[in-house]
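Dear colleague,

Please find the structure handed over below, followed by an account of what was found in it.

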Amino acid sequence: MATYKLNGSEVLGVEFGSTRIKAVLINSDFETVASGSFDWENKLVNGVWTYDLADVWHGLQTAYSSLNEEVKEKCGEYITSLASIGFSAMMHGYLPFDENGNQLCEFRTWRNTITSQAASELSTLFNFNIPQRWSIAHLYQAMLNGEEHINNISFLTTLAGYVHWQVTGEKVLGIGEASGMFPIDSNINDYDAEMLNLFGNLPAVKGVKWNIKDILPKVLSAGENAGFLTEQGALLLDPSGRLKAGIPICPPEGDAGTGMVATNSISAKTGNVSAGTSIFSMVVLENKLSRLYEEIDMVTTPTGKPVAMVHCNNCCTDLDYWVKIFTEFASLCSADLTKPQIYDLLYNKALSGDADCGGLVNYNFFSGEPVVHAEDGRPLFMRAQNSKFTLANFFRAQVYSTFSSLKIGMEILENENVKIDCLMGHGGLFKTEYVGQRLMAGALNTPVAVMETAGEGGAWGIAVLAEYLVDGNGASLEDYLNNRVFAKSKKTVVEPDEKDAQGFAEYMKLYKKGLAVQKSAFQNI
């Protein structure tokens, strides 16, 4: 028996995350009607972290089909029409195409740390931090490397921009995602004109056939129409042919922007921490920082407000591998425990550990970590002979390692007297209730909150932006989120515990000293 009646007012949000493609259908009350997903993983191919674009479409169709089957079960019918759609994806990276739409090289993801020369030179040229994962750093590095495809570039975009382009024909990006391709001038909500000119006058750039202004996507702010689903696009999403073309689509955003929306963190002094495969904080600024910091990325909200971002490549991957070991041991013992139960047991055990982890320290570096100037990564666990090696201390060190690099970046914002009322947490680190919140609150010495409405994460966030496109009625995005989306939402807030804060400070002293060992590990192993 149908439990929900489709009426065409539903909105679809799809996010291409690092380990999962997720599709979410929401109604006009922002409630999740159905969801579907597809698991995937990046691969290290010839020294480059990448995904095959064929997997993009297979994953999208699988996730949408899974969602549609749930809709059929709940509603008694499949989706044929929608009010709007939104696409989001892991931020930035490098996807160049020629004039015929042919991909010119492998998709180079945010995880790569292969653009240090370009990032350094551009940061000096612009007097503005250009992180290694940004599209412009990848482009310039390819030029410095003398790669053959450079002259053939007609369009440069990100994964979110690529998917949107294929289903609408429009070469556009939401401003939050665009701010990770090239620096944005928040006064005009477009690429910084002076920096575009500086880039164009570089000796390596003068010899190419194209102008940087012509190959970047057009910048759009939240609420602006970004095109409509084409007949071809409808079939790319739903090969069954049921879904009708003509559906309006909001500007494509990165997972940073959708995380800000999903946690209602787009106003000054608000911030959020996304903790999954990578971890990053986004803090909306009242005032500019006093100078350039290579550990701080300056990006924007989906409406163009300046945001200080601390992005770390590594978060839960190493922890997940250790949980697999404990899961295997539980299986050997014939213990009737599910994987989520094992996560909960280990996380909660961490709370009984010493606040400083008893002299244990963990580095979760599966890849390079620019915030601590590590060019490459080797997962590394260390202890002294007299350390307190207990299960509680061991797993507390695993949790601490997920946000230790983030802490180093956040210390810069503390020194800049950036005010943060509360950090909203979302992502896999917070799936076990309370533990991740409490330990992060102590580590960052800031209240950490988790919203029940953020349960679907970025896919839900981009769905909200799609709903805003057709339902905003002229309201600012801030007002829309406060008065419509989150008016009745509940959140749990955990204040910093003084003992946790003191213990983490001691842990960080050892962590910082041990970074020399971490760097030696990837140089020698």
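Contact, as the word is used here, means heavy atoms within 4.5 Å. The model is a predicted one.

**Phe97 and its surroundings**

By that criterion, and leaving aside residues up to four places away in sequence, Phe97 touches Leu53, Asn102, Gln103, Leu104, Asn152, Ile153, Ser154, Phe155, Thr157, Tyr162 and Trp165. Phe97 belongs to strand β7. Its relative accessible area is 2%, which makes it buried, since the cut-off is under 20%. Between the C-alpha atoms of Phe97 and Leu156 there are 6.4 Å in space, although 59 residues separate the two in sequence.

A search of the whole structure returns 31 aromatic pairs. Among them, Phe97 and Tyr162 are stacked, with 5.4 Å from centre to centre and 5° between the planes. Tyr162 sits in helix α4 (residues 159–168) and Phe97 in strand β7 (residues 95–97), so the pair ties together parts that lie 65 residues apart in sequence. Tyr162 is buried as well, with a relative accessible area of 8%.

Ring pairs also join Tyr363, Phe365, Tyr400, Phe403, Phe504, Tyr507 and Tyr511 into a cluster.

The largest nonpolar core comprises 73 residues, and Leu139, Phe199 and Trp210 have the most contacts inside it. Helix α15 (residues 457–471) contributes the most to this core, with nine residues. A second, separate core has 62 residues, including Leu360, Phe365, Leu380 and Met410.

What does Leu139 touch, not counting residues up to four places away in sequence? Its partners are Tyr94, Ile150, Ile153, Leu156, Phe199, Trp210, Ile212 and Ile215. Leu139 is one of the buried residues of helix α3. Of the 10 residues of this helix (residues 135–144), nine are buried, so α3 is largely enclosed by the rest of the structure. The buried residues are Ser135, Ile136, Ala137, His138, Leu139, Tyr140, Gln141, Ala142 and Met143. They pack against α2 (116–126), β8 (155–157), α6 (193–200), α7 (203–206) and α8 (212–215). After α3 comes Gly146, with a positive phi near 70°.

**The packing of α13 and α14**

Two packed helices are described by the angle between their axes and the distance between the axes. For helix α13 (residues 391–415) and helix α14 (residues 435–444), the angle is about 35° and the axes are 9 Å apart. The crossing in which α13 passes α14 is right-handed. On the side of α13 the contact is made by Arg396, Val399, Tyr400, Phe403, Leu406, Lys407, Met410 and Glu414, and on the side of α14 by Leu439, Met440, Ala443 and Leu444. By class, the contact has nine nonpolar and three charged residues, and no polar ones.

Most residues other than glycine have a negative phi.

- Cys357 has a positive phi near 70°. It is located in the loop between α12 (339–350) and β18 (361–363), and it counts as buried at 0% relative accessibility.
- Asn445 has a positive phi of about 55°. It is located in the loop between α14 and β21 (448–451), and it counts as exposed at 51% relative accessibility.

**Two buried threonines**

Thr258 is part of helix α10 (residues 255–262) and is buried, with a relative accessible area of 0%. Not counting residues up to four places away in sequence, Thr258 touches Glu15, Ser88, Glu253, Gly458, Gly461 and Ile462.

Thr50 is part of strand β5 (residues 48–50) and is buried, with a relative accessible area of 9%. On the sequence condition applied above, Thr50 touches Asn42, Lys43, Val45, Glu106, Phe107 and Thr109.

With kind regards

Definitions and conventions. Residues numbered from 1 in each chain as written. Predicted model: local features only at pLDDT ≥ 70, side-chain atom pairs only at ≥ 80, totals over all residues. Heavy atoms only, no water. Axes fitted to C-alpha atoms, helices over the stretch in contact; angles between N-to-C directions. Helix = DSSP H or I, 4+ residues; strand = E, 2+ residues; numbered from the N terminus. Left-handed = near helix turned anticlockwise from the far one by under 90°. Nonpolar A, V, L, I, M, F, W, Y, C, P; charged D, E, K, R; others polar. Core = buried A, V, L, I, M, F, W, Y, C linked by side-chain atoms within 4.5 Å. Buried < 20%, exposed > 50% of the residue type's maximum accessible area, 1.4 Å probe, protein only. Phe/Tyr/Trp six-rings, centres within 6.5 Å; stacked < 30°, edge-to-face > 60°.
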